[in-house]
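Hello,

Here is the structure I promised to pass on. Please open it alongside this note; my findings follow.

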Amino acid sequence: MSGKRNFCPSAAILSDRVLIDIKKIKEITNQIKKIKSFHQIRTRGDENCIFLDMHIALAPKTPLAEAYNISHQLKGKTMSGIPQVKDVVIHIEPQI
Ligand SMILES: [Zn+2]
């Protein structure tokens, strides 16, 4: 990882468009069976330096420790699958 990769001059800018291919997010969430669905994908930054914010739905009785593991896995897979993503904030909700 180079230092340049972490230089994000426009990280504070909320983009009007989602900077990520939603299909890619779908592929990644599909790899984690416990994720029932996702929505509200939002991004900040620019194409090379993306801050991602998303909601995922899990079974309502998922133990907290497992929910934590799932979000941790999702963050890792997202950041390695889409290298332009510098950080991911995941909101967990119960599947209704
Ligand atoms: Zn939501």
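Helix axes are lines fitted to C-alpha atoms over the stretch in contact, and angles between them run from 0 to 180 degrees between N-to-C directions. Bear in mind that this is a predicted model.

Confidence comes next. The protein chain averages a pLDDT of 89. In it, 84% of the residues score at least 70. Among the helices and strands, helix α2 (residues 64-81) has the highest mean, at 98. Strand β1 (residues 37-46) has the lowest, at 92.

Now the helices. Helix α1 (residues 22-30) packs with α2 at an angle of about 135°, and their axes are 10 Å apart. The crossing of α1 past α2 is right-handed. On the α1 side, the contact involves Lys 24, Ile 28 and Thr 29. They meet Leu 74, Lys 77, Thr 78 and Gly 81 in α2. By class, this contact has 2 nonpolar, 3 polar and 2 charged residues.

Then the sheet. It is open, with 3 strands in the order β1-β2-β3 and mixed pairing. β1 and β3 (85-94) are the edge strands, each pairing on one side only. From one strand to the next, the twist averages 15°. Strand β2 (residues 49-58) pairs with β3 in the parallel sense, over 9 bridges. Ile 56 stands opposite Ile 92 in β3.

Last, helix against sheet. α2 lies across β2 and β3. It runs at about 150° to β3.

Best wishes

Methods: Residues numbered from 1 in each chain as written. Predicted model: local features only at pLDDT ≥ 70, side-chain atom pairs only at ≥ 80, totals over all residues. pLDDT = per-residue confidence, 0-100. Helix = DSSP H or I, 4+ residues; strand = E, 2+ residues; numbered from the N terminus. Left-handed = near helix turned anticlockwise from the far one by under 90°. Contact = placed C-beta atoms within 7 Å. Nonpolar A, V, L, I, M, F, W, Y, C, P; charged D, E, K, R; others polar. Pairing = 2+ DSSP bridges.
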